[in-house]
Amino acid sequence: MERLLDFFEGHRGNFVFPGDLNLGLDSSSLKYIDKYVKNCGPAYDKPTWTTKPFSYNDFEEDEVRWHLEYVFATQDIVVLSSEIIQTNYSDHLPILVEIEV
């Protein structure tokens with residue numbers, strides 16, 4: 001996370017950063033990212049994971065309740081729209097963002 005934040009500090013303009021970051025909404029890392037770049041949407045309270053049953057080390061999930069996919073951009077990027085795409089191909093739901101270039 002330190003390397004990512006260092007990158008954000010050194011590149012203040014003209015980039016988009018998408019990713020499956022596996023960061024929950026209460027993550028301190030997400031709060032740091034929000035200081036440098038903006039969320040392109042959808043809102044953090046819109047879930048993107050999991051569409052399939054998941055089990056790991058006593059953690060069980062079988063409903064779409066978590067927001068783990070993100071698209072961030074610098075303030076100079078104009079976001080026209082964003083949406084979560086419904087699919088059964090993955091346990092994560094992708095985010096489609098339209099930006100002005």
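**Overall picture**

Keep in mind that this is a predicted model. The protein chain has 101 residues, and 31% of them count as buried. Its C-alpha atoms fill a box of roughly 40 × 30 × 20 Å along the principal axes. The accessible surface comes to about 6,700 Å², and carbon and sulfur atoms hold 50% of that area. If you care about contact order, here is a handy number: among contacts with a separation of 6 or more, residues 24 or more positions apart account for 60%.

The secondary structure consists of two helices and seven strands. Read from the N terminus, the elements follow the order α-β-α-β-β-β-β-β-β.

Some of the elements that come up in this report are listed here.

| Element | Residues |
|---|---|
| Helix α1 | 2–10 |
| Helix α2 | 28–36 |
| Strand β1 | 16–20 |
| Strand β2 | 38–39 |
| Strand β3 | 54–56 |
| Strand β5 | 69–73 |

**The sheet**

Let us turn to the strands. Three of them make an open sheet, ordered β1-β5-β2, with antiparallel pairing. At its edges lie β1 and β2, each of which pairs on one side only. In general, strands of a sheet pair through backbone hydrogen bonds, in either a parallel or an antiparallel way. Between β1 and β5, which run antiparallel, there are five bridges. To find your way along this pair in the viewer, look for proline 18, which stands opposite valine 71 in β5.

**One side of helix α2**

Which residues of helix α2 are buried? They include Ser29, Leu30 and Ile33. These three lie on the same side of α2, because they cover an arc of only 95° around the axis. As for what covers the buried residues of α2, the cover includes helix α1 and strand β5.

**A nonpolar patch**

Now for the outside of the model. Phe54, Tyr56, Phe59 and Trp66 form a nonpolar patch on the surface, and together they have about 390 Å² of accessible area. One of these residues, phenylalanine 54, is located in strand β3. Is phenylalanine 54 buried, exposed or partly exposed? With a relative accessible area of 30%, phenylalanine 54 is partly exposed, because that class lies between under 20% for buried and over 50% for exposed.

Note on methods: Residues are numbered from 1 along each chain as its sequence is written. This is a predicted model: local features need pLDDT of at least 70, side-chain atom pairs count only at pLDDT 80 or more; totals for chains, interfaces and linings use all residues. Side-chain values use heavy atoms; hydrogens and water are left out. Patches are made of residues with over 30% relative accessible area and no salt bridge: like charges are joined within 9 Å, nonpolar side chains (Val, Leu, Ile, Met, Phe, Trp, Tyr) within 5 Å. Accessible areas come from the Shrake-Rupley method with a 1.4 Å probe; for residues, only the protein chains shown count as cover. A salt bridge is a side-chain nitrogen of Lys or Arg within 4 Å of a carboxyl oxygen of Asp or Glu. Helices (H or I, at least four residues) and strands (E, at least two) are DSSP runs, numbered from the N terminus. Buried means under 20% relative accessible area, exposed over 50%, partly exposed in between (1.4 Å probe, protein chains only). Two strands pair if DSSP finds at least two bridges between them. The arc is that of the directions from the helix axis to the C-beta atoms. Contact means heavy atoms within 4.5 Å.
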